[in-house]
Amino acid sequence: MSAETPARIDWAKHEEIDQLVPLLTALYQHEAPDTGPANAVDAQTHAERLLDQKTPHRLAIAWDENGNAIGLAAAALIVSVSLPQPENQLQMELKELFVLPTHRSVGVGAALMEWLEAEAWAAGVSRIDWHVRQSNTRGIAFYERFGGALVADRLSMRKTRPGD
């Protein structure tokens, strides 16, 4: 791989939790900049929870040549409830794709998407689904380059716990 793309992409391992803290901290700042910097202890606890086998998602991590985590994708294999055909039952949900700002637009996100797609097809997945903000035109264009298409009849909905 070139210097612009990750040196390695693989599923995160428990022994890599310490290396994930800076990446997760940057993700928090990106997603909720008004909340202030994340506490390193909270980030480590969150990393442990993300890697817990009880959680459905797995983290794919992009690593640079120095062993620094520079990007992540959270994905889960799910079984369709509504499609009875065996060839359509296994699906992948991409929950998050994030690349450190210092490593954007150089192929890290593309490498993560290609790696996840290869993992999905090898696992027998029939489709990959994900959400993207309607206002994220760069993200939409990025996903369209990988064959992603907006689903016209679907909306994303959410309900939060009272008081949050």
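1. How many bridges join S3 to S4, and do they run parallel or antiparallel? In this predicted model, S3 and S4 are antiparallel and are joined by 9 bridges. Within S4, glutamine 91 is the bridge partner of isoleucine 78.

2. S4 also pairs with strand S5 (residues 127-130), here in the parallel sense and over 4 bridges.

3. The largest nonpolar core has 37 residues, and the members that touch the most others are Leu20, Ile61, Leu112 and Leu116. Two or more core residues come from each of strand S1 (8-11), helix H1 (17-31), strand S2 (58-63), strand S3 (69-79), strand S4 (90-99), helix H4 (108-122) and helix H5 (137-145). H4 gives the most, with 7 residues.

4. Isoleucine 61 deserves a separate entry. With neighbours within four places in sequence left aside, isoleucine 61 contacts Arg8, Ile9, Asp10, Ala12, Leu20, Leu23, Ala69, Gly71, Leu72 and Leu112. Among these partners, Leu20 and Leu112 are also listed with Ile61 among the core residues that touch the most other members.

5. The second largest pocket holds about 400 Å³ of space. Its lining consists of 15 residues, with His46, Leu50, Ala74, Lys95 and Glu96 nearest the centre. By type, the lining has 8 nonpolar, 3 polar and 4 charged residues.

6. At least two lining residues of the second largest pocket come from each of H1, helix H2 (40-50), S3 and S4. H1 supplies the largest share, 4 residues.

Key:
Residues numbered from 1 in each chain as written. Predicted model: local features only at pLDDT ≥ 70, side-chain atom pairs only at ≥ 80, totals over all residues. Heavy atoms only, no water. Core = buried A, V, L, I, M, F, W, Y, C linked by side-chain atoms within 4.5 Å. Buried < 20%, exposed > 50% of the residue type's maximum accessible area, 1.4 Å probe, protein only. Contact = heavy atoms within 4.5 Å. 1 Å grid on protein atoms, 1.4 Å probe; cavity = no way out; pocket = protein on both sides within 12 Å on 5 of 7 lines; lining within 4 Å. Points joined across faces, edges and corners; volume = space filled by probe spheres on them. Nonpolar A, V, L, I, M, F, W, Y, C, P; charged D, E, K, R; others polar. Pairing = 2+ DSSP bridges.
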